[in-house]
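Q: I have a structure open and would like to go through some of its local features. Could we begin with the backbone?

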Amino acid sequence: MRVVLAEDSTLLREGLVRLLAEEGHEVLAAVGDGDALLSATAAHRPDVIVTDVRMPPTHTDEGLRAALEIRSRFPEVGVLVLSQYVEKRYATELITDDGGRVGYLLKDRVAQVGEFLDALDRVGAGGAAFDPEVVRRLLARTTHSDPLGKLTAREREVLDLMAQGHTNAGIAGQLYVSLSAVEKHVNSIFDKLALSHTSGYSRRVLAVLRYLGS
């Protein structure tokens, strides 16, 4: 894939450039701030951008704001966010985006090279990839008014994996069950969340929104 990388830590940035190159990806640009990321994306139109959250000048949310602007201006470009933190507002906006080609991983996951590369591949292929810890932290804020009390434990597992961006086939692989079993659980989730009459992919997005309490 053709990749633009944004990371203000020179050591990590160069390490990622080397890793991506060794895996056969073409790194079109490697930059250190949000403005440079926007400029590089506009100039190169990569398949995927990989960006940190907190970058110069304020080290708050420059990378995430740049990622959301890229989602708006260049919807064909995949976005994979790497962060040491779960920025709840922006993470929720990304996780409930029904356009696909988006991911959010904690930086600890980058050390698990296989998981990082798998997430990159999924985003590049038009799918989604969300760190399980990101999903858990977002869900933690909904426990006071749990709207999902009707779901069984297995249905919650399925919805948790759905929120991470897995397809039905991917969920089946994660839970070691058949595809038809997953499809039954998904349909049951839609029924219990009153989403049965909503067609298309949007039902999955709406289910995740309910799960996040948004």
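A: R45 counts as partly exposed because its relative accessibility is 44%; buried means under 20% relative accessible area, exposed over 50% and partly exposed in between, with a 1.4 Å probe and protein chains only. This is a predicted model, in which local features need pLDDT of at least 70, side-chain atom pairs count only at pLDDT 80 or more, and totals for chains, interfaces and linings use all residues. Residues are numbered from 1 along each chain as its sequence is written, and side-chain values use heavy atoms, leaving out hydrogens and water.

Q: Where does R45 lie?
A: R45 is in the loop between α2 (34-44) and β3; helices (H or I, at least four residues) and strands (E, at least two) are DSSP runs numbered from the N terminus. Phi of R45 is near 45°, a positive value in a residue other than glycine.

Q: And what is phi of H59 near?
A: Phi of H59 is near 55°, also positive in a residue other than glycine. H59 is found in the loop between β3 and α3.

Q: Which peptide bond is cis?
A: The bond from P56 to P57 is cis, with omega near 10°. P57 lies in the loop between β3 (48-52) and α3 (62-73).

Q: Changing topic: is H166 buried or exposed?
A: H166 counts as buried, because its relative accessibility is 14%. The loop between α7 (153-163) and α8 (168-175) holds H166.

Q: What does H166 touch, not counting residues up to four places away in sequence?
A: H166 touches R122, L161, I171, Q174 and R204, where contact means heavy atoms within 4.5 Å.
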